[in-house]
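Visitor: Hi! Could you walk me through this model?
Guide: Happy to, let's take a look.

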Amino acid sequence: MIDFHCHIDLYPEPKKIIELSDKFGIYVLSVTTTPKAWTKTNALSKGKNRIRTALGLHPQIAHERLNELALFDLLISETKYVGEVGLDGSPELKQHLPAQLQAFEHILNSSSRTGGKIFSIHSRKAEDLVLDTLARFPDAGVPVLHWFSGTKKQLQRAIDMGCWFSVGPAMLRSMSGKSLVQQMPKDRVLMESDGPFVKISNRAALPTDTELIKKELALIWALTAKETEQILLNSFSTICKLGY
Ligand code: MN
């Protein structure tokens, strides 16, 4: 299956997560939170052709790491995946929005200059600002909004702008999350664990937990497991081909 947003490098034993994904044939987008982490994280999955490492600068720490944007630019041509990036307008992070925006704009600009990328984007409590910013960089590539938790209206705007979505365990726990998933075009939905940040029954979510997400999606879409899997695999194949 597919885990389009997993922080492999943040588990206590990253190698075990890679072996587990390999054993079950799971395609994983291994997202990073700082440019400094990319080279080492990318090396972890050397020889594993179902794992790709995205270059990221997480909005929750962007204000402390603006000096890593130069490194971001040095590494950007090494990968077609960028994430985790974006904006976070939660009360405790709101004060850093100008710095977050500076980082996000820089990243979108670098991505445009290097032919466009596939993004895994964080947009918590900053959905409109993320969409406004994406709209200013139309050549940046394909945005995948991870763990989208905005309003239905914001979701519709994201859909109209061509965004994709990665759906995780936390979204499927709430009625509001499920109702957002229902509104997403089926052919632009991917799955994510967001482990180890997201927990399932008090343990870190794993790439293998995307099997549970697939079951939930089948229920929401009123399709069989087989039909659901086919849709997800088709979408995954489509977005990979959108690579530059
Ligand atoms: Mn994450």
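Guide: Let's begin with strand S5 (residues 117-122): six of its six residues are buried, so S5 is largely enclosed by the rest of the structure. Buried means under 20% relative accessible area, exposed over 50%, and partly exposed in between, with a 1.4 Å probe and protein chains only. Strands (E, at least two residues) and helices (H or I, at least four) are DSSP runs, numbered from the N terminus.

Visitor: Before we go on, what should I know about the source?
Guide: This is a predicted model, where local features need pLDDT of at least 70 and side-chain atom pairs count only at pLDDT 80 or more, while totals for chains, interfaces and linings use all residues. Residues are numbered from 1 along each chain as its sequence is written, and side-chain values use heavy atoms, leaving out hydrogens and water.

Visitor: Back to S5, which residues sit on each side?
Guide: Lys117, Phe119 and Ile121 are on one side, Ile118, Ser120 and His122 on the other, and all are buried. In a regular strand the side chains alternate between the two faces of the sheet.

Visitor: Does S4 pair with S5 in the parallel or antiparallel sense?
Guide: Parallel: strand S4 (residues 81-86) pairs with S5 over four bridges. Pairing requires DSSP to find at least two bridges between the strands. Gly86 has His122 of S5 as its bridge partner.

Visitor: Switching to helices, at what angle do H8 and H9 pack?
Guide: About 105°, with the axes of H8 (residues 210-221) and H9 (residues 225-241) 9 Å apart. The axes are lines fitted to C-alpha atoms over the stretch in contact, and angles run from 0 to 180 degrees between N-to-C directions. H8 and H9 are therefore roughly perpendicular to each other, a term for angles of 65 to 115 degrees.

Visitor: Which residues make that contact?
Guide: Contact means heavy atoms within 4.5 Å. On H8 they are Lys214, Leu217, Ala218 and Trp221, and on H9 Ala225, Thr228, Glu229, Ile231 and Leu232.

Visitor: How about Thr33?
Guide: Thr33 lies in the loop between strand S2 (27-30) and helix H2 (35-44), and at 14% relative accessibility Thr33 is buried. Leaving aside residues up to four places away in sequence, Thr33 touches His7, Leu10, Gly56, Leu57, His58 and Ile61.

Terms used:
Angles under 35 degrees count as roughly parallel, over 145 as roughly antiparallel, 65 to 115 as roughly perpendicular and the rest as oblique.
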